[in-house]
Each structure stands twice: as C-alpha cells, then as structure tokens.
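Welcome! Take a look at the sequence and the model, then read on.

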Amino acid sequence: MDGIVLLKEDHKTVEKLFKQFEKAGDDAHAEKRKIADKVIDELTTHTWIEEKIFYPAAREAAPDTKDHVLESVEEHHVVLWMLSELKGLDPRDERFDAKMSVLMENVRHHVEEEEKEWFPDVRKAMGRNRLTELGEQMERAKKKAPGDPLAVPSAGQ
C-alpha cells in the first residue's frame, strides 16, 4: 500500500471513531471510554509512523514541505498531550467530553491540512514506487509503535 493511502486510511478510521463518539449519548460513559481508548491507540500509532518514517522522507523528497512538516509536528505535540490526559480521565469527569471535542477539532484541522495542502506535493515528488516502499515500512512500524502517547518524539519537544 502507498504511504499516503495508508495515512489517509488511518485518518478515515479515526474520523469514524469521532463520529461514534459524537453520536454516543451524554450518559454513555462506558461507550465513550471505549471509543476514546481506540482513538488514543490509533492516533498514537499514526503520529509515531508519521514522525519516524513519513515526515523525514517527505522533507527529503520535497524540501519545500519543510514548514508543513514542522507545523504538523507541533500539532502532534498538542494532540499527544491531550491523548495522555484523556487516557487517565474518567469519562464522567465534566472535562472529558470537552477535551474530546477539542481533540477532534485539532485532528480534523491537521488532517485537512495534510491531505489538501501538502500530501499532493509529496506524492508528486516521491512517485509511486517510493510511496509503496514507505507504505510497507510504515505498516511494519505500526507493530513497534508505543502505547503511550508521550513516547512519540514530538510529545517531548
């Protein structure tokens, strides 16, 4: 699978989870906890493979995407800290839904920028073979991704 396609599939998976969360009732605490835990796992793995594999390759292939990559890493920083806070937050806490809502806004903004503003440039610069190679590498790396959002490099920056 092409690396950009893999990342877009991850984006779709997370968006489906967001929609499930938004549809859950106000008192669906157990369901919301389960969904939030899946979101934490998905986004931790996703940010890990982006930072370890995709972003360095994108910067090398398309140097003019440097600013987009740097902004994305900063967006990851914010998201990863929110994920770490959500991980330990009781879904009955009055801040839980608000924190999830802000997380969703941040992630949706990040996804839109990646997919519309700079993935097309990276695709053009890399070509199909390199993107396929990256996709395979990222797929393998998913198995090695940490479970703790704060273990992703940008969380500590």
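## A first look

K32 has its place in helix α2. Please keep in mind as you explore that this is a predicted model.

**Starting from K32**

- Is K32 buried or exposed? K32 counts as buried because its relative accessible area is 3%, and the cut-off for buried is under 20%.
- Which residues does K32 meet, once its neighbours within four places in sequence are left aside? The contacts of K32 are F21, A24, G25, D26, F96 and D97.
- F21, one of these contacts of K32, falls within helix α1, which covers residues 3–23.
- F96, also in contact with K32, falls within helix α4, which covers residues 96–142.

**The overall picture**

- Taken along the principal axes, the box filled by the C-alpha atoms is roughly 50 × 30 × 30 Å.
- The radius of gyration is 16 Å, which agrees with a compact globule, because a globule of 157 residues would have a value near 15 Å.
- Of the 157 residues in the protein, 47% are buried.
- Take the contacts between residues at least 6 apart in sequence: 80% of them join residues at least 24 apart.

**How α2 meets α4**

- Helix α2 covers residues 29–61 and helix α4 covers residues 96–142; their axes come within 8 Å of each other.
- The two axes cross at roughly 40 degrees, so α2 is oblique to α4.
- The crossing in which α2 passes α4 is left-handed.
- What kinds of residues make up the contact of α2 with α4? There are 24 nonpolar, three polar and seven charged residues in this contact.

**How α1 meets α4**

- Helix α1, residues 3–23, has an axis that comes within 6 Å of the axis of α4.
- These axes cross at roughly 160 degrees, and therefore α1 is roughly antiparallel to α4, a label used for angles over 145 degrees.
- α1 also passes α4 in a crossing that is left-handed.
- The contact of α1 with α4 is made up of 16 nonpolar, three polar and twelve charged residues.

**R108, on the α4 side**

- R108 is found in helix α4.
- Relative accessibility for R108 is 29%, so this residue counts as partly exposed.
- Which residues does R108 touch, not counting those up to four places away in sequence? R108 touches E15, F18, K19 and E22.
- E15, one of the residues touched by R108, falls within α1, residues 3–23.
- R108 and V14 are 94 residues apart in sequence, while their C-alpha atoms are 9.5 Å apart in space.

**How α3 meets α4**

- Helix α3 spans residues 66–87, and the axes of α3 and α4 are 10 Å apart.
- α3 and α4 pack at an angle of about 160 degrees, so α3 is roughly antiparallel to α4.
- α3 passes α4 in a left-handed crossing as well.
- Sorted by class, twelve nonpolar, six polar and seven charged residues form the contact of α3 with α4.

**L80, inside α3**

- L80 belongs to helix α3.
- With a relative accessibility of 0%, L80 counts as buried.
- Beyond its neighbours within four places in sequence, L80 is in contact with T47, E51, P149, L150, V152, S154 and A155.
- T47 and E51, two of these contacts of L80, fall within α2, residues 29–61.
- L80 and A24 lie 56 residues apart along the chain, and 23 Å separates their C-alpha atoms.

**E94, in a loop**

- Where is E94 placed? E94 is in the loop between α3 and α4.
- E94 is exposed because its relative accessible area is 76%, and the cut-off for exposed is over 50%.
- From C-alpha to C-alpha, E94 and P153 are 30 Å apart in space, and they are 59 residues apart in sequence.

How values were computed. Residues numbered from 1 in each chain as written. Predicted model: local features only at pLDDT ≥ 70, side-chain atom pairs only at ≥ 80, totals over all residues. Heavy atoms only, no water. Axes fitted to C-alpha atoms, helices over the stretch in contact; angles between N-to-C directions. Helix = DSSP H or I, 4+ residues; strand = E, 2+ residues; numbered from the N terminus. Parallel < 35°, antiparallel > 145°, perpendicular 65-115°, else oblique. Left-handed = near helix turned anticlockwise from the far one by under 90°. Nonpolar A, V, L, I, M, F, W, Y, C, P; charged D, E, K, R; others polar. Rg over C-alpha atoms; globule rule 2.2 N^0.38 Å. Buried < 20%, exposed > 50% of the residue type's maximum accessible area, 1.4 Å probe, protein only. Contact = heavy atoms within 4.5 Å.
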